[in-house]
Amino acid sequence: MKKSAIGSPTRRDVVRSIGVAGLGAAVSVPITRRAFGQTKKSVDISFWTFDNPQQRPWVQKRVKMFMEQNPHVRVDFQWFAFGDLGKKISVGFATGTAPDGFVSQDWFMPVWLDKGLLAPLDVKQLGYDTFTAFTGDFAKAFVDGATKDGKVYGYPMWFYGYCNYLNAKQFKEVGLNAEKDWPQNWDQLGEVAKRMTVKDGDKFVRQGFKFAMHSSQWTMIQYNPILLQSDGKWFDDSGKCTINNEAGIKAMTIRASIAQKYGAEDPADSIATNPIPGMDFLKERASMFFCHPLPISLVKAENPAMEAENYFRPVQYPGVQTGKGFSTTYGFNLVINGKASAEKQEALHNLYKFMMSDLVDAWKDAAPFTFAKRTGWADNPEVQKFPYVNEIIKAKDEGVFLPRSLVFNELADSMHRAVQKVMLSKADIKKTLDEAAAEVDRATAAYKRA
Amino acid sequence: MTLEVADSRRNANGLMRHLPALRKTVGLVLLASLAFAFLVPILWMTVMSFQEGGKMFNLRTEWIPAVWHFENYPNAISRAPFVQYFINSGIVSLTVMATNVVFCTFAGYGLAKFRFPGSGLVLLLILSTLMLPLEVTLVPTFLIVHKFEWINTYQGIVAPLLIDAFGVFLMRQSIISIPSDYIEAARIDGAGELRILLQIIVPQCVPALSVLAIFSFRDSWDQFLWPLTVVSIDRLRTYPLGLVQFGEEYGYPATEQMAIAALATLPVFLLFLILQRSINRGFGLSGLK
Amino acid sequence: MVELTSSEPYGSLSGPPPVARRFWQIHHRQRIRLWGIAFVLPTLMFFAVFKYGPMMWAIELSFNSYDMVSTPNFVGLDNYRSLAADPIFRETLINTLVYIAGSTILTTIIGLSLALAINTGIPGARHCMTAMFLTNLMPIIAVCLVWRFLLHPYGLVNQILQPLGFGRIDWLTSSSTAMPAIIMVTVWRFAPYFMVIFLAALLALPEDYYEAAELDGAGAIRRFIHITLPLLMPTIFFVVVVSALLCARIFLMPYLITGGGPGNATRVLSMLIYETGFSYLKMGLAAAISVVLFTIMMGFTALQIRLFARSEQVYM
């Protein structure tokens, strides 16, 4: 009988020595430090994520720490540009070369789940006694995308809501107070934006407000709350797209109002790039901008004065009803490839548990990106030090999730086209929404047929 | 043949042969302005690569930087293993250039000067490989490379690029204009087919070969989607993958991305400068006088 | 004086009496033909593995529904039927044809004009060529960043046009100017590419005809039309076909500049294929769109081959 280096033989060693290694693996308890020797079979896992200057180095750090503490596990950690990760994963699934574990945007979860690509997670291995204990630790919004039939398929990691970022200095210039006069409904947003606007003839020197229009994901994230606040729905119960009903038209009108009714925005005039959609706000060409939590290093790189004097400030998304604003909350889940072997899945569970076990450390490296988890970090003084952090957390907690649809990408592209037509080509709202709804219905029908 | 004679022969088919100096100057000014207009984007890129990061998105460009930030270059390279990325790109492109020059010449010659049945159809077939975009053939190509166990290897990156129909077509078109009488004469003299190719055809299409070398190097240098698909480990990435990822790094001056882009134009440009002479000097023998 | 046309495929042969020669000729011709096939064979074999295999797979896929993760299942002509009924596909198809036609024609004309201009032997012309060729070497991502910037409503292009009396032009966000802008960027990028090819061809043109024509008193324009153009036909053929095929396939450049917008104004088939396959996970449908594109380009190329075949007789 083999003796473990640390102490007397554990039950595990006995079981192993009888040669029932597989059984042993299934009832494993995470083992932290081994003094020497590899009595545990070595496991190689691949884990992919997207690149982000703050998040990825932190993940890399945690993975490295995990490997140090678990020498029998080797993690092949790779990262790819945000837009490319999805391609790599799809091709990986198509060719059987997908990684064992990866990070998934939460709006893709319905598709992965529908196609049975992900392995259900064992909440016990992640440190929760029951399924309800797990779902209770994360707001309903996040978990809805990651659970199906009483099983959970993703461990929510970073989740954030959108805030309305204000340029407090410009507010002061026009005699407003960012603390008290921030727009709480859409009309106020238009009025405030109009007041902030500075023009030189026909040319905008400063736009009061800017909507990002560079990608269909951002279009969806920004439009989602407007539609829901207007009592609209993306789909009715039969699955038909309802963005073109009365509520939908109201929502699109609101969306267009800043530029068209209040004249405070020029949709064609933007220096935003795909990696930095907030460029207009950062260069002070726009006074207000809807955005996920803005990293300090980004502000510093583009506008050192704004960072040094800290005059960029997040407030809540406006609402149709004053004071009842909410934004979209979306995020990223840690998931496991359904085809990964049992040992790999176990190793990944341990990795994920370890990664998410010190969120304050994560905050230190990756602030201001917030987490889906309710407990264990928000009240920490480290976290509370961050300026306006409670606004950011509130936006995340109160936000609604994106439509869980099997044709999410088609929906996003149709909405994106519709918004472009309305804002850039000044198309008729009803007609444009009718076209978009028809496109989405076609896509839904096509998905069902396939 | 001296260069002088070559020069005047070159001018013979030009449009302004015995031109008064004034027209020549006007012509040069026009040409230079046009060249300048074409160059504006690349000038912008180069100027920006020496600029401070915050000034990149000013709509009124500061064409002469107030402060020259030469450190953008070493800084940019240090952010990611760009040296390794450029080496990888170099290996891939040199290999692809070499195989293209050899095999496209063979195939181009075969299509140009040998009237076997269906040669027109074969040309169409070869060109058809250019008609389906990579996006749809990505998965099966990946599977084939996977079968060879070439995923995450240089062979894997290079494999689908080894012979490009574009190159075959280019060589065919340039070899077609070589008078067949040369070939026949050599055949009568008893020369073998390979000798004919190497000693008669190749010297006459040196400009086309140079063009082929430059373009096959350049096309593989810029490849993005295929290397993205076949490479999942950092040390085999080619520079376009690194450049895209670099673009998503906030916190660094955006102008550093321009520095990498400027560096990326250098190798192909150098190759062009080297081979340019053979394009210009080009033909050695001509005409059956 | 070299004969421009030759009635016999392998040039004229003089030699032994007809009967004996015919026998020897047949054997000779056979051998030569085999050599021809041998020269082309390595390329065809390579293509068979790395190109035709995947192409067959893709064409077969167009009759299936395939989401990349489950096995494909056969749906017959369903994909094609849904394309026919899809207004976005129709718009995209028209955009693509406009884009290919506009870019190809302009690139060919401008490329040829540039090459002719450089070939006049004006001192310094060669340096202009080098400079222009540089523009083709910029990495795509830099190209798109720069052009989005230059074409901004208050960017450099408008800054130059404004004093000339033009108002503000929303190049990339107005549906009437977006496609012309994309064509312009494409021509900018590829005209120098083809200029070099035309130049290489021009430099290889034999001198004799021009000398004879000058002796006969032909002017520059007549020399161009009757000597240069016919001799350049193989190259023109090449440029037209290759630039059309390039434009049909090109994806990253328009995608990064406008993403297909505004609305559908600059969506081309290659973008639709990418979105349908990788975004919507409908590889079968994407394959069907590719087959449509493939068929169009095949038809176009076959037509070009026939049109230019006669002009190639000149050299045979």
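1. The domain bounds used here come from an automatic or database domain assignment. The model is a predicted one, and for chain A the assignment gives domain 1, made of 42-161 + 330-398, and domain 2, made of 163-327 + 405-449. The C-alpha centres of these two domains of chain A lie 28 Å apart.

2. Between the two domains of chain A, 19 residues of domain 1 are in contact with 17 residues of domain 2. On the domain 1 side, helix 5 (109-114), strand 6 (155-161) and helix 18 (389-398) of chain A each supply at least two residues, and the largest share, five residues, comes from helix 18 of chain A. By residue class, this side of domain 1 of chain A divides into twelve nonpolar, three polar and four charged residues.

3. Turning to the other chains, 98 residues of chain C are in contact with 91 residues of chain B. Helix 1 (residues 18-61) of chain C gives the largest share of the chain C side, 19 residues, and that side as a whole divides into 72 nonpolar, 18 polar and eight charged residues.

4. The largest nonpolar core has 325 residues, and B:Met45, B:Val211 and C:Phe198 are among those with the most contacts inside it. Helix 7 (residues 178-203) of chain C contributes the largest share of this core, 20 residues. Because domain 1 and domain 2 of chain A both give residues to this core, it lies between them.

5. Leaving aside residues up to four places away in sequence, C:Phe198 touches C:Gly111, C:Leu112, C:Ala115, C:Thr235 and C:Val239.

How values were computed:
Residues numbered from 1 in each chain as written. Chains lettered and ligands numbered in written order. Predicted model: local features only at pLDDT ≥ 70, side-chain atom pairs only at ≥ 80, totals over all residues. Contact = placed C-beta atoms within 7 Å. Helix = DSSP H or I, 4+ residues; strand = E, 2+ residues; numbered from the N terminus. Nonpolar A, V, L, I, M, F, W, Y, C, P; charged D, E, K, R; others polar. Core = buried A, V, L, I, M, F, W, Y, C linked by C-beta atoms within 7 Å. Buried ≥ 20, exposed ≤ 12 C-beta atoms within 10 Å, placed from the backbone.
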